[in-house]
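Here's a quick briefing for anyone meeting this structure for the first time. Have a look at the sequence and the model, then read on.

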Amino acid sequence: MSYAVYSTRGFILGSGPSGEASKIYSIYTEDFGLIRAKAQGVRLVQSKLRYSLDDYAFCAFSLVKGREVWRLTGAESVSMTGSDRASSRIRARILSLVRRLVQGEESNAALFKALTALSSEVSPRETAVLAEALSALGYLDLDALQGKPEREVIHAINRAIHETQL
């Protein structure tokens with residue numbers, strides 16, 4: 001029986017061990033939204049996938065939809081500039097928040113577009129990416145914040161995060 005292989009881009013939001021040599025990854029993909037995918041044998045020394053599958057990385061994935069879980073069959077790291085320490089912390093904070101806020105497999109093009117700023121050549125401003133992400137998820141109204149000083153935008157972001165009750 002043959003399975004369809006889906007290719008998509010996405011961000012690894014986190015991972016955890018599964019069995020002796022496998023890992024389960026939380027991935028926010030462009031086409032499917034938040035998925036959980038299992039990479040078989042990725043913790044073994046001879047695994048070719050383990051070099052591409054770092055937490056908070058932006059990758060191109062090959063996935064197979066199984067009966068109960070997605071299977072990760074291939075991954076290629078998309079070059080991310082701004083890999084300095086400050087950019088890495090910003091990326092980790094934003095993607096950790098997305099992992100907590102997004103539930104289920106549902107594509108959200110506006111959210112993915114906001115997150116792709118994290119992989120752009122120019123180091124993104126954390127407030128701008130957070131505001132766009134919260135707006136895409138329905139927690140913040142960007143139109144009401146147009147022309148406001150950054151201090152008010154930060155206050156609105158903090159209020160929106162507080163109202164999520166996470």
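Is Thr164 buried or exposed? Thr164 is buried, since its relative accessible area is 16% (buried is under 20%, exposed over 50%, partly exposed in between, with a 1.4 Å probe and protein chains only). Keep in mind that this is a predicted model, where local features need pLDDT of at least 70, side-chain atom pairs count only at pLDDT 80 or more, and totals for chains, interfaces and linings use all residues. Residues are numbered from 1 along each chain as its sequence is written, and side-chain values use heavy atoms, with hydrogens and water left out.

**Around Thr164**
- You'll find Thr164 in the segment after H5 (helices are DSSP runs of H or I with at least four residues, strands are runs of E with at least two, and both are numbered from the N terminus).
- Leaving aside residues up to four places away in sequence, Thr164 touches Leu101 and Tyr139 (contact means heavy atoms within 4.5 Å).

- Strand S2 (residues 22–29) has six of its eight residues buried, so it is largely enclosed by the rest of the structure.
- On one side of the pairing list, S2 runs antiparallel to strand S1 (residues 5–18), with eight bridges joining them (strands pair if DSSP finds at least two bridges between them).
- Gly14 has Ser26 of S2 as its bridge partner.
- Three residues sit between the strands in the S1 and S2 hairpin, where Gly19 takes a positive phi near 70 degrees.
- S2 also runs antiparallel to strand S3 (residues 33–39), this time with seven bridges.
- Tyr28 stands opposite Leu34 in S3, and the hairpin of S2 and S3 has three residues between its strands.

**Tyr56**
- Tyr56 is in the loop between S3 and strand S4 (58–65).
- Its phi is near 70 degrees, a positive value in a residue other than glycine.
- Most residues other than glycine have a negative phi.
- Tyr56 is partly exposed, at 24% relative accessible area.

**The largest pocket**
- About 230 Å³ of space lies in the largest pocket (a pocket is an open set of points on a 1 Å grid over the protein atoms alone, where a 1.4 Å probe fits, with protein on both sides within 12 Å along at least five of seven lines; lining residues have an atom within 4 Å of a point).
- Helix H3 (126–136), helix H4 (142–145) and helix H5 (150–163) each supply at least two lining residues, and H3 gives the most, with four.
- Among the lining residues are Arg125, Glu132, Leu145 and Lys148.

Notes: Points joined across faces, edges and corners; volume = space filled by probe spheres on them.
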